[in-house]
Amino acid sequence: MGKIAVGIAVVCGVAVAAAAAVVVHRRMKKSGKWVKVMEIVRDFEEKCATPVSRLKQVSDAMIVEMHAGLASEGGSKLKMLISYVDNLPTGREKGLFYALDLGGTNFRVLRLQLGGRGRGILNQQFVEVSIPPNLMSGTSNALFDFIVAELAKFVSQESSDYEPNPGRPRELGFTFSFPVMQTSIASGTLLKWTKGFSINDAVGRDVVAELTEAMERHGLDMRVSALVNDTVGTLAGARFVNNDAVAAVILGTGSNAAYVERANAIPKWHGPLPRSGEMVINMEWGNFKSAHLPLSEYDLEMDAESLNPGEQIYEKVLSGMYLGEIVRRVLCWMAQEAAFFGDTVPPKLKVPFTLGTPAISAMHQDTSPDLKVVADRFKELFEISSTSLQMRKVIVQICNIVATRGARLAAAGILSILRKMGRDTIKDGEKQRTVVGMDGGLYEHYTKYRKCLEKCLNELLGEEVSETIALQLSTDGSGIGAAILAASHSRYHGRDD
């Protein structure tokens, strides 16, 4: 009897919630509030529109900024940072190497055993660690001491098979995915923090020196052989397995891109030209800004209230940290102006960043007839149980608008790189293959976003050129690439062959 009573109670609860949703929806229609809801949706969709003509304007503007950033330091919102990587991996790298991949609220410690002479990666192992929120706005020493303690723990748990050769320190590739002005392959000054970090005493310091000092404090015998950002690491990882890889894009919590530039096309490079004639450029494209970017009042408000107002505008319309927040702000406005969720605005809906991109991905891709995933997410996140099917369809529509704009703008950015490299056309009938390494949870897990991006890029390039371009998923490419770059820039490189 107890089980039957519980079952009846659950059924009754669902019925009550459904009835409440119907009542809310009917009230909205009678009062004309539903008309207001649809006006808000249409207005938002218009402001987020990305026709091909506009995307080409965005691409044109980005190419202008690319040239300006290559010409002089500070000449562009795009930093176009010189990475000092003038030789990408060849597949012949050999030995035991490590990577520390710091690019957001988590970091990874990775170990690779490279076989050399085309044998690739023999084995690999990694751990992922969450950074306590207080360390994201504390001191440099506190952050790097925490990171090195985890690095030392990882090393201490290794078997004797991973002991380095006598007299050699372990060698590390350091992926540091924040704007850095590099002065060599293994040194660089932090320009500013992004992605929610605000450790003031680290700005203007050499991040390799900070990490090295922390390793010395912990007695960890390890040397940083290469400092790279996540996109440069992803490009190196992609090149290790595919010689056609010439660019990389990160679409995750944040977003950035890197590509191989002709060294003689970098006016701000004042040293001797590298033997390869090439240099990998870290674009820092998240900071791109243009009057052609389709921005709504919700984007402008989010930017104004962010930790870095006026900066990272491109990143704020296409990366994983912000997509869910834009959706939340639209829904909050609908609740306030059109009583979308009833007479009062649900309190939890007012809290910034409570709607993450994984949630909007799940709702956007909900294939159930009654959009049950949408209903469940709103009950879990906001304690909103009275949503009708029509309301849930509107929520999905908002998710689609935000994701579609982000994906199509990302495609416009990739087009800019291909155009700058001359890879957007077919010359003399020769179909040169071009691979772009792609990494980041947004691209990997948000299927509709990824497919929209790929479709848009094909639309921008045309069918014939599209056949020569491949977007290659490079899972954990930034960490693997950093370890491989540590190998190719090792002071012992070639001695083990």
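Glu383, the residue that follows helix α11, has a positive phi, near 60°. This is a predicted model, in which local features need pLDDT of at least 70 and side-chain atom pairs count only at pLDDT 80 or more, while totals for chains, interfaces and linings use all residues. Residues are numbered from 1 along each chain as its sequence is written, and side-chain values use heavy atoms, with hydrogens and water left out.

**Helix α11**
- In α11 (residues 372-382), Val374, Phe378 and Phe382 are buried, where buried means under 20% relative accessible area with a 1.4 Å probe and protein chains only.
- Seen down the axis of α11, these buried residues fall within an arc of 30° and so line one face of the helix, the arc being that of the directions from the helix axis to the C-beta atoms.
- Lys379 and Glu380, on the other side of α11, are exposed, that is, over 50% on that scale.
- The cover over the buried residues of α11 includes α9 (320-338), α10 (357-364) and α12 (389-420).

**Packing of α2 against α9**
- The axes of α2 (residues 33-47) and α9 come within 9 Å and cross at roughly 150°, the axes being lines fitted to C-alpha atoms over the stretch in contact, with angles from 0 to 180 degrees between N-to-C directions.
- That makes α2 roughly antiparallel to α9, a term used for angles over 145 degrees.
- Residues of α2 including Val37, Ile40 and Phe44 take part in the contact with α9, contact meaning heavy atoms within 4.5 Å, and the α9 residues involved include Val330, Trp333 and Met334.

Technical notes
Helix = DSSP H or I, 4+ residues; strand = E, 2+ residues; numbered from the N terminus. Parallel < 35°, antiparallel > 145°, perpendicular 65-115°, else oblique.
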